[in-house]
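Hello,

Please read them with the model open.

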Amino acid sequence: MKIPDRIKIILSLIPQCDVLMDVGCDHGMLGVAALQEKKVEKVVFTDISLPSLKKAEALAKQQGLEDKCRFLHGDGFCGERADCVVIAGMGGKEILKIIFNGGFLPEYMVLNPMRNADTVRRALQEKYFFQLDEKFFDKKFYDVMALKRGGDSLTETEIKYGKTNIALFGKDFIKFLHLQQSKYNKINDVAKSSEVKKNLEEIDELLSRSKNV
């Protein structure tokens, strides 16, 4: 089973635990890989799309792992509990809706918001500690977060850009900053505004800080 790089990165953040829940599981590759790597004992797959859920079920059967899996057709947690919940490939506001309507807060979560990552950080910092929160590139830029119950106190810069990005300035994050800098410079050439100027100054300051890490 060939695993895409994005899935590999998310998989690497799943802690050793008994039960994993893959919300919006799509093809089921993540949950199946977690079982194959013996990171988890069981996986609960949920998806609002029945065809997607059937794909996940077919993959688990193909890999001989169906006895370690449950497949639930529905939105979010579907009334189930797990030690770790993965929600990947959805918007940040949708992710938050699923979490706060889930009926419980899992010990661990791995999140991959496709947009509004800052909204996710702001909403979850009182309940979760951000063990990792960084930008990575796989054909485009993604955010990935590994959270543990507890709580955190993020600065406004960490909320906007990601805690690990600000601490470590990884190569993908620096690449992202340069891209943002170019974008804002082009906007600034056409229509100058205080907001664009503020963003450019912020990015310049972060790029300057990155040279000292």
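The largest pocket has a volume of about 460 Å³. Please bear in mind that this is a predicted model. Twenty residues (20) line the largest pocket, and those nearest its centre are A117, K135, D143, K160 and F176. By class, that lining divides into 10 nonpolar, 3 polar and 7 charged residues. Helix α8 (171–190) gives the largest share of the lining, 4 residues. At least two lining residues each come from α5 (117–124), β7 (141–149), α6 (156–161), α8 and α9 (194–210).

The second largest pocket has a volume of about 330 Å³. Its lining also numbers 20 residues, with V23, G24, C25, D26 and A88 nearest the centre. Here the classes come to 8 nonpolar, 6 polar and 6 charged residues. The elements that each supply at least two residues to the lining of this second pocket are α1 (5–12), β1 (17–23), β2 (40–47), β4 (84–90) and α4 (92–100). Strand β4 provides the largest share, 3 residues.

**The chain as a whole**

The protein chain has 9 helices and 7 strands. Its radius of gyration is 19 Å, close to the 17 Å that the globule rule gives for 213 residues, so the chain is as compact as a globular protein of that length. Along the principal axes, the C-alpha atoms fill a box of roughly 60 × 35 × 30 Å. Of the 213 residues, 49% are buried. Among contacts in the chain with a separation of 6 or more, 59% are between residues 24 or more positions apart.

N112 is in strand β5 (residues 108–113). Is N112 buried or exposed? N112 has a relative accessible area of 0%, and because buried means under 20%, N112 counts as buried. A polar atom of the N112 side chain lies 2.8 Å from the backbone oxygen of D143. D143 is also one of the residues nearest the centre of the largest pocket. Leaving aside neighbours within four places in sequence, N112 is in contact with R6, I10, I87, A88, G89, M90, I95, Y142 and D143. One of these contacts, A88, is among the residues nearest the centre of the second largest pocket.

T46 belongs to strand β2. T46 is likewise buried, at 0% relative accessibility. Which residues does T46 touch, not counting those up to four places away in sequence? They are M21, D22, V23, G24, C25, L53, L72, G76, F77 and C78.

**Two residues with positive phi**

Most residues other than glycine have a negative phi. K38 is not a glycine, yet has a positive phi of about 60°. K38 lies in the loop between α2 (29–36) and β2. With a relative accessible area of 63%, K38 is exposed, because the cut-off for exposed is over 50%.

N116 also has a positive phi, of about 55°, although N116 is not a glycine. Where does N116 sit? N116 is in the loop between β5 and α5. N116 counts as partly exposed, at 31% relative accessibility.

**D118 in helix α5**

D118 is found in helix α5, one of the elements that supply at least two residues of the lining of the largest pocket. D118 is partly exposed, with a relative accessible area of 35%. Not counting residues up to four places away in sequence, D118 touches I159 and K160. D118 and T157 are 39 residues apart along the chain, and 9.7 Å separates their C-alpha atoms.

Regards

Terms used:
Residues numbered from 1 in each chain as written. Predicted model: local features only at pLDDT ≥ 70, side-chain atom pairs only at ≥ 80, totals over all residues. Heavy atoms only, no water. Buried < 20%, exposed > 50% of the residue type's maximum accessible area, 1.4 Å probe, protein only. Polar contact = N/O pair within 3.5 Å; in protein donor to acceptor, adjacent residues only side chain to side chain. Contact = heavy atoms within 4.5 Å. 1 Å grid on protein atoms, 1.4 Å probe; cavity = no way out; pocket = protein on both sides within 12 Å on 5 of 7 lines; lining within 4 Å. Points joined across faces, edges and corners; volume = space filled by probe spheres on them. Nonpolar A, V, L, I, M, F, W, Y, C, P; charged D, E, K, R; others polar. Rg over C-alpha atoms; globule rule 2.2 N^0.38 Å.
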